[in-house]
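Subject: Structure for you to look at

Hello,

Please find below the structure I said I would pass on. My notes on it follow.

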Amino acid sequence: TRYRRFLQTKKAVVSTQSTGVLAGETASTRAKTITRWINVATLCRKRNNFASLLQVVAGLTFSAIMRLKYTWCIVPEERKSELNSLKDLVSVSNRFKNMKAEIKRCDPPCVPYVGVYLADLISIEEGVQNLNSNGLINFAKMRMLAHTILEIRLYQQTCYDITVVPDVIKHILVNCSNALSEDKIFERSYTLEPRNQRTHTPENANISVA
């Protein structure tokens with residue numbers, strides 16, 4: 001199904017991001033890569049691309065990346081603050097309450113995260129009876145389902161004015177295909193910054209990573 005492919009793409013994005021970050025041999029190099037991905041996440045938000053925003057934030061907050069304390073201490077505080085704001089926006093709390101509100105406020109084009117609507121559809125389907133107390137079709141439930149589906153279709157009506165760049169797509173696909181497995185990602189993470197490593201300010205911490 002399309003949703004299953006979406007989940008597979010999300011996992012591929014997380015693996016690709018992690019592989020890219022962990023390719024850096026030094027903390028400053030890894031910090032620069034993290035900063036670039038935060039910039040990508042910010043751009044996704046500006047473009048109302050909530051689906052990609054969630055994927056990028058998931059990659060940045062993947063445990064194998066978040067544990068790199070030596071690396072994160074070099075990432076500019078402003079960028080880390082931006083990431084924290086984006087994490088709050090895509091939080092799953094209260095069935096994506098913050099993201100829902102932001103999506104409703106934005107003007108198309110927009111790429112919403114389909115999981116927001118699937119959560120609502122499941123909640124309606126499991127929480128509301130198909131028949132009312134008189135044994136008749138519960139049209140109130142049908143209206144709730146229809147409203148949710150129509151909201152999804154609303155964002156399919158307006159397209160982005162974007163020029164497809166084949167070389168960029170090829171580059172992304174190649175990176176995805178060359179991404180490390182989850183086990184290798186954690187192995188690399190612990191190799192670069194072992195457990196209980198003493199975190200200190202590196203000599204090159206003043207290198208700009210903006």
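In which helix does Leu53 lie? Leu53 is part of helix H3, which covers residues 50-60. Please keep in mind that this is a predicted model.

Some notes on Leu53 first. Is Leu53 buried or exposed? Leu53 has a relative accessibility of 0%, so this residue counts as buried, the cut-off for buried being under 20%. Leaving aside residues up to four places away in sequence, Leu53 touches Ala41, Cys44, Arg45, Leu86, Leu89 and Val90. Met144 is 91 residues from Leu53 along the chain, and the C-alpha atoms of these two residues are separated by 27 Å.

Next, the salt bridges. How many salt bridges does a search of the whole structure find? The search finds twelve. Some of them are described here.

Asp120 forms a salt bridge with Arg95, and the closest N and O atoms of this pair are 3.4 Å apart. Asp120 is buried, because its relative accessible area is 14%, which is under 20%.

Another salt bridge joins the side chains of Lys184 and Glu187, at 3.8 Å from N to O. Where do these two residues lie? Both Lys184 and Glu187 are in helix H11 (residues 182-192), three residues apart, which is about one turn of the helix. Lys184 has a relative accessibility of 46% and therefore counts as partly exposed. Glu187 has a relative accessible area of 47%, so Glu187 is partly exposed as well.

Finally, which residues do salt bridges with shared partners join into one network? The network consists of Arg45, Glu102 and Arg105. Arg45 was named above, as one of the residues that Leu53 touches.

Regards

Definitions and conventions. Residues are numbered from 1 along each chain as its sequence is written. This is a predicted model: local features need pLDDT of at least 70, side-chain atom pairs count only at pLDDT 80 or more; totals for chains, interfaces and linings use all residues. Side-chain values use heavy atoms; hydrogens and water are left out. Helices (H or I, at least four residues) and strands (E, at least two) are DSSP runs, numbered from the N terminus. Buried means under 20% relative accessible area, exposed over 50%, partly exposed in between (1.4 Å probe, protein chains only). Contact means heavy atoms within 4.5 Å. A salt bridge is a side-chain nitrogen of Lys or Arg within 4 Å of a carboxyl oxygen of Asp or Glu.
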